[in-house]
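Student: Can you walk me through this one? I have not looked at it before.

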Amino acid sequence: MAEMVLPQFGMGMADGTIIAWHKVVGEVVQQGERLCDVEAAKTTVEVGATCSGVLRQILVAAGKNVPVNTVIAIIGDEAVGQNVAAAQVPPPPPPTPAAPISVAEALVPIAIASEKPEAAQMRGHTGRTPQVEPRARRAARLHKVDLAVVVGTGPGGRIVEEDVTRRAQSLSDSSRAGAAPRNLGVGRFHQFRMRFDAGPLVNLAEELAKFYHKTFLIEAMLARAVGVAMSDAGIADGSIGVRADDGTVKVLQQAIALGLTVIADRLAGGEAMSMCSPTIVVDLHLEDWLDETISFDPTGPASLTFGKSARGADDTGTEWTVLLTCSEQGPNVSQSKLFLKSLRELLNSPVAILV
Amino acid sequence: MKVNLAKADLTEMYARMSRIRAFENAAMDMHAKGEIMGALHTSHGQEGEIVGACMALNRDDYMVGNHRSHGHPIGKGAALRGLMAELLGKSTGVCGGKGGSMHLADFSVGSLGETSIVGSGIPVAAGAALGARMQGLDRVSLCFFGDGATSEGAFHEGVNMAAVWHLPVIFLCENNGYGITTSLSSVTLVTDIAKKAAAYGIPGVIVDGQDVLAVHDAVQTAVQRARRGEGPTLVEAKTYRYEEHAANMGRDFGYRAETEIAEWRKRDPLRLFRERLSGDFGFSEDELAATEKAALAAVDDAVAFARRSPAPFAQSAFTDVFA
Amino acid sequence: MAEKTYLEAIRDALFEEMGRDPAVFIMGEDARCNFFGTTSGIIEAYGLERILDCPIAEAGITGVAAGAAMVGMRPVVDFTIAPFLYPAMDQICSIVAKSRYLYGGQAKVPLVLRANMIYGNGGAAQHSDRPYPMFMSMPGLKIMVPSNPYDMKGLLKTAIRDDDPVMSFEDANLWSMKSEIPDADYAIPFGQAAIKRTGNDCTVVAIGAMVTLAMEAAALMEAEGVSVEVIDPRTLVPLDMPTILESVAKTGRLVLVDVAWERCSAADHISAVVSEEGFWDLRAPIMKVCTENTHIPFNTAVERQLYPSCDRIVAAIRKTLA
């Protein structure tokens, strides 16, 4: 059991104001863990817990100014459950005799048995499936979003309503023509989806074959398009990879500036080199791509998956869907947006990749 | 005792007593056959004190009673149809099927309700008297309760308040000697309940409950006292209940000797009054028989009415919780 | 407009309603000597006949009031201290609450039972009760819990004018609280909660004197950037659940502050209703800040720790955000 006092940060400091408490009564605290912020002499200082245990009482509320060495909190032993109050109650302010007591002064706050310490452990991620707040579940049902693919941004990784509606919004946005970022989690990865008509690209391939008497692989053309788009997105230096049928990835380093024929030669040549970031891997091996599945390695680089769109009754066969999935090693969100914008323009009018 | 009752009043007195007896017989029978649900507390043997007391009041005077409730509103002049329909829980019952046997009430004849928590009506009766006086109404309040109720705190509190405020109440104790299976002498040292009146500074009067005219006389005196503003009276009617505490309880609890019941049956209030009517008041056999027959017919009519009446709607469970 | 205390508001409501309706009268122990200051001037204006001093007979008083009410009067019974309702339990539950229903609507019981909740002052276990939840359970009783003088007057007037039995639970800690009271007559309908403060992050429903604490807590949370909505139900029966549910639909978080004992408190009931009807709006478990489930000891320091406080409310709000 320990009393925490308002520390004196400097010789001249006589008092301080509690700005905010970062723990609540009943929470487990570790020694040194940030307990509250104190402002004194125009400086805000983080005050750490002086010992480990359970925060039993907060005696000075946020916003209050007290002299140095005033007891501001009491940290109790974790093991002690119920018998908090008896010996440890600080003397309350003396009541005004006879007159009815003002409720604010008279009622002395204390943490008691009902505020159980184990409640603190219920906060945050336990490592099992993430918590989902009821509002989020409702939104998921309403918008037909699979919670398994939603990443939570709430406390401890909890899925909150906004996470679901955001995904639902991006799903519905992407179902129209246009790339839209699906932010699946800050700092983890993000995913973009875009539909495009592969007709122009296929036509160009045929024309090139006629003109050059040489067959250019679609992969090579896409890789070149990727290179141009990366350059447009302001990605100064990067590699382009192409996943082969056997699953391996052929990497073209510093590929942004490489022209189509060089790319095609190198891909045919079978060079396998290591990747450096940012890398975008072109993967044409997802034939029937359903928008609810994510198949990528979140620790790897960006992966640009092209698949034939499974939707649409009037599927002419040339409508493809692009899924760009970027990990922390891939392009960031704003780069990704520019990249896809440029990529779309190139795919609509692929002649530019010949430049 | 000089009887200042006109023939019509005497006829009505005998009629009400007969109606109570016939009503109770019919009710017991229907209850035994499962047609009436819940507990049924009959007043066989107590018709004298019930009718004697009620008929000392005007129609707009108030009355509060207890779980042994059928006789009280009948004595006060309530129509039988609504009472019997209430016993069957029908929507045409006086309480819309909400109260049943123990909670009859007919405000149109001043019956403010038979309350089944023992003793609970005593302060209410005092309150009715207070309310009447505050509104300048010349009304008295009659409260029926059993000997068992005098053990309840409510008896003490209600009688005391009526006494100290001189409220126009007649506290009528229907002393039939038992609270369910418990004899009065085992629950109090003062088995003449009227003596308890002294504790409150009001008159206590003992009267033969089987003698309807004696009861009428005693209550009338109390009513006049009350109307004069002299306060309440405690009238104790020594009476007896011929049937069990509640009908069809299933077994003989053996707390009353058969001889005792037989003795009291010799003093059946209906027979006693019949004898007096023919002997002292010149009623003919035909007249008496006609009254009895009419009573039976009235009960038959009430039973038929009750049987053909509709049950309340399910939604009625939620009405009259609030205004 | 005039500034009046909670006690003055009670007195004014009684005085004005007695003038408005001759059926209204007061009964209670020590009513005439104006023990709490709620009957000043009433004897002079209306006479002794309309304010009755009663023997110490709570059951008898209640029954007499009920009988008088059934025949046309409108008594206002002063129980003085809330636990004194207990001796009258049978009359309240078996007669007052039930007569209208039991007798199929023939009986009308337009009375008001007023009780003060005096606690935090060393009244000890038998005098410090806050028992309104017990009566919430019984159908047929309306219950008001005014949090300020304006509401006290408006609700008491409605109670007196209401044809149903009303129990008024008045917190003695509010006696000297002041509000602006209009000169013109006004009555506050039952079943209408007051939103004392709007907010978006957390709903705090506070009962009676707890509203003051909730507002303090809300102000403190404001400084931390948390916007708290405070709702005062004003009446527990009827209870304005729609306003509470609407607020929870907005904020997703609920803290209930109730000075009654936690077990089977009004907070318990509201929590259960919101759990069922507003579950999908929630972002966090519903929190309750109530009096600890123990008796009230004499020592005031030990006593006062048991009741809700601003800090406990703040802690509860923080938990809903965690």
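Tutor: One term to begin with: two residues are in contact if their C-beta atoms, placed from the backbone, lie within 7 Å. Helices (H or I, at least four residues) and strands (E, at least two) are DSSP runs, numbered from the N terminus. This is a predicted model, where local features need pLDDT of at least 70, side-chain atom pairs count only at pLDDT 80 or more, and totals for chains, interfaces and linings use all residues. Residues are numbered from 1 along each chain as its sequence is written, and chains are lettered from A and ligands numbered from 1 in the order in which they are written.

Student: Ok, helix 9 of chain B. Which residues are buried there?

Tutor: In helix 9 (residues 269-279), they are Pro269(B), Leu270(B), Phe273(B) and Leu277(B). Buried takes 20 or more other C-beta atoms within 10 Å of the residue's own, exposed 12 or fewer.

Student: Why are they on the same side of helix 9 of chain B?

Tutor: Because they cover an arc of only 95° around the axis, taken from the directions from the helix axis to the C-beta atoms.

Student: What do the buried residues of helix 9 of chain B pack against?

Tutor: Helix 1 (7-32), helix 2 (47-54), helix 7 (212-227) and helix 10 (285-308) of chain B.

Student: And which exposed residues are on the face turned away?

Tutor: Arg271(B), Glu275(B) and Gly279(B).

Student: New topic: how many residues of chain B are in contact with chain C?

Tutor: 36, against 34 residues of chain C. Helix 5 (121-134) of chain B gives the most to that side of chain B, with 10 residues.
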